[in-house]
Amino acid sequence: MNNKDVLIIGAGAAGAAAAFHLAKAGHKVTILEQKEQGLIKPCGGGMASSVQEWFPFDLKPAVEEIIKKVEFNWCLSDPVIAELPGTSPFWIVRREILDELLISKALEEGAELLRPFRVETLQKSDSHWQVSNCEGIQLEATAVVIADGSNSPWPQIFHLGPRSQHHAHTTSVRLKGRGNLKEGTARFEFGLVNHGFAWAFPLKDEVNIGIGTFLGNQAADSKKILNQFLPNLGFDPNEVNHHDSLLRVWNGHHSLHGQGILVVGDAASLCDPFLAEGLRPALMSGCEAAQCLNSWFKEDIENLSSYTKIMKKRWGESMAWGRNISQVFYRFPKVGYQLGIKRPTAPQRIAQILSGQMSYRDIAQRVIKRLLFANR
Ligand SMILES: Cc1cc2nc3c(=O)[nH]c(=O)nc-3n(C[C@H](O)[C@H](O)[C@H](O)COP(=O)(O)OP(=O)(O)OC[C@H]3O[C@@H](n4cnc5c(N)ncnc54)[C@H](O)[C@@H]3O)c2cc1C
């Protein structure tokens, strides 16, 4: 058995980011991915351009649209338009290309990729982690990074992440052409979706359209919503194939590390419970996991607890507020739209959230301050 330093389960954004930084730091890394290359991923592709700071190579090959305006609507009318601050704060990436770009950079740094390789078992044996696939191929490493997305069974087995997982129900469609979506504009549609929203994000010559519901356990009636939303975007709703999936979203502060094991991205339930932003935390956690493992290998640190701590500080503290906002907003969306989105400064704030310039915690603190002043 060829012994590795790190096995990474899953070659999505989180796993690929971890693989790149670990390989760059000189570790023997093997990435295990169940799927063949190039399949469409159900993802809107909206991503804060600030993630570029975490990589020493250009992410632009994956970027197909730079968003300058965000349009919010209530039941297809009552629009609010937010001009995004800065030069290019919000990108739309083609997900398959982003993941492949990150993987190719990890391979250039010396990582190894086994694909298709579906991990069926994961266990600890003495000081090593062992994985195997259904053909009985076994691999062993000193550490393992769990990066296999929202359906990962391992966090529950190894007591990582939230004990009780919370899911958003999502629907995604990719359509040829751009309909009437204006250049550089992303659309968010509230009111049509109970407990959630619909979106339309432009790619170069296609559009990613999606629906997400964030409260309760019921998926939206996607067909009905698409029948209303698509004609409004200039598309024919007939013969559209949609893809439904469950997305694990943030549900409290929990340990994301064990002895030689870390969980990243959707597997760690890091996705934003208000807007379903999952790419930034996937990339952030992949980078932080790599940094922490690197220090652990070099014996600068005794255990991997610093990873849990840093993800709580950099991401979890904002998500705790995001979850509160989500629970209030999606219970009373009409009031939320009127008092939240239609507030003169609100679209700008949401744009700043999307671009990573502001956190939900900053927003909550502003609201609290406003209430305190109002009550004086
Ligand atoms: C419809 C939809 C729209 C979204 N839109 C946006 C958006 O616009 N912006 C945004 O920021 N986020 C968005 N998200 C969230 C974002 O897509 C996820 O948060 C992100 O994909 C997380 O990356 P990841 O690497 O953790 O997981 P994934 O991208 O799911 O990668 C996991 C990988 O692990 C592999 N895998 C799974 N099981 C195994 C196994 N047993 N063995 C080997 N490999 C395995 C999978 O094949 C996959 O390649 C959206 C999600 C959905 C569902």
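This is a predicted model: local features need pLDDT of at least 70, side-chain atom pairs count only at pLDDT 80 or more; totals for chains, interfaces and linings use all residues.
View 1. Residue numbers start from 1 along each chain as its sequence is written, and side-chain values use heavy atoms, with hydrogens and water left out. Which of the 36 residues around the ligand come nearest? They are Glu-33, Gly-44, Gly-46, Arg-95 and Asp-266. A residue is near a molecule or strand if one of its heavy atoms lies within 4 Å of it.

**View 2. Backbone atoms of Gly-45, Gly-46 and Ala-276 reach the ligand.** Look for polar contacts here, meaning pairs of N or O atoms within 3.5 Å; within protein, one must be able to donate a hydrogen and the other to accept it, and residues adjacent in sequence count only if both atoms are side-chain atoms. Gly-46 has a backbone N or O atom 2.8 Å from a nitrogen atom of the ligand. Gly-45 has a polar backbone atom 3.1 Å from an oxygen atom of the ligand. For Ala-276, a polar backbone atom sits 3.2 Å from a ligand nitrogen atom. On its own the ligand has 1,000 Å² of accessible area, and the protein covers 91% of that. Such areas come from the Shrake-Rupley method with a 1.4 Å probe; for residues, only the protein chains shown count as cover. The elements giving two or more residues to the shell are helix H1 (13–24), strand S12 (166–176), strand S14 (196–202), strand S16 (243–249) and helix H5 (279–297). Helices (H or I, at least four residues) and strands (E, at least two) are DSSP runs, numbered from the N terminus.

**View 3. Lys-41 and Asp-99 pair up in a salt bridge.** That term means a side-chain nitrogen of Lys or Arg within 4 Å of a carboxyl oxygen of Asp or Glu, and the count comes to 19 by this rule. For Lys-41 and Asp-99, the N to O distance is 3.0 Å. Lys-41 belongs to the loop between strand S2 (29–32) and strand S3 (46–48) and Asp-99 to helix H2 (residues 95–108), so the pair ties together parts 58 residues apart in sequence. Are the two partners buried or exposed? Lys-41 is partly exposed at 30% relative accessibility, whereas Asp-99 is buried at 4%. Buried means under 20% relative accessible area, exposed over 50%, and partly exposed in between (1.4 Å probe, protein chains only).

**View 4. Arg-174 and Glu-96 form a salt bridge.** The N to O distance is 2.8 Å. Arg-174 is in strand S12 and Glu-96 in helix H2, so parts 78 residues apart in sequence get tied together. Both residues are buried.

**View 5. Glu-288 meets Arg-314 in a salt bridge.** This one comes in at 2.4 Å, N to O. Why does the pair tie together parts that are 26 residues apart in sequence? Because Glu-288 lies in helix H5 and Arg-314 in helix H6 (residues 305–329). Glu-288 is buried, with a relative accessible area of 10%, but Arg-314 is partly exposed at 36%.

**View 6. Five residues join up in a network of salt bridges.** The members are Glu-64, Arg-94, Lys-176, Asp-205 and Glu-206.

**View 7. A nonpolar patch sits on the surface.** Its members are Val-328, Phe-332, Val-335 and Leu-339, and together they have about 420 Å² of accessible area. Patches are made of residues with over 30% relative accessible area and no salt bridge: like charges are joined within 9 Å, nonpolar side chains (Val, Leu, Ile, Met, Phe, Trp, Tyr) within 5 Å. Leu-339 is part of helix H7 (residues 333–341), and this leucine is exposed at 62% relative accessible area.

**View 8. Here are some backbone angles to check out.** The peptide bond from Arg-115 to Pro-116 is cis, with omega near 0 degrees. Pro-116 is in the loop between strand S8 (112–114) and strand S9 (121–125). Asp-78, in strand S6 (residues 77–83), is not a glycine but has a positive phi, near 55 degrees. His-195 isn't a glycine either, and its phi is also positive, about 65 degrees.
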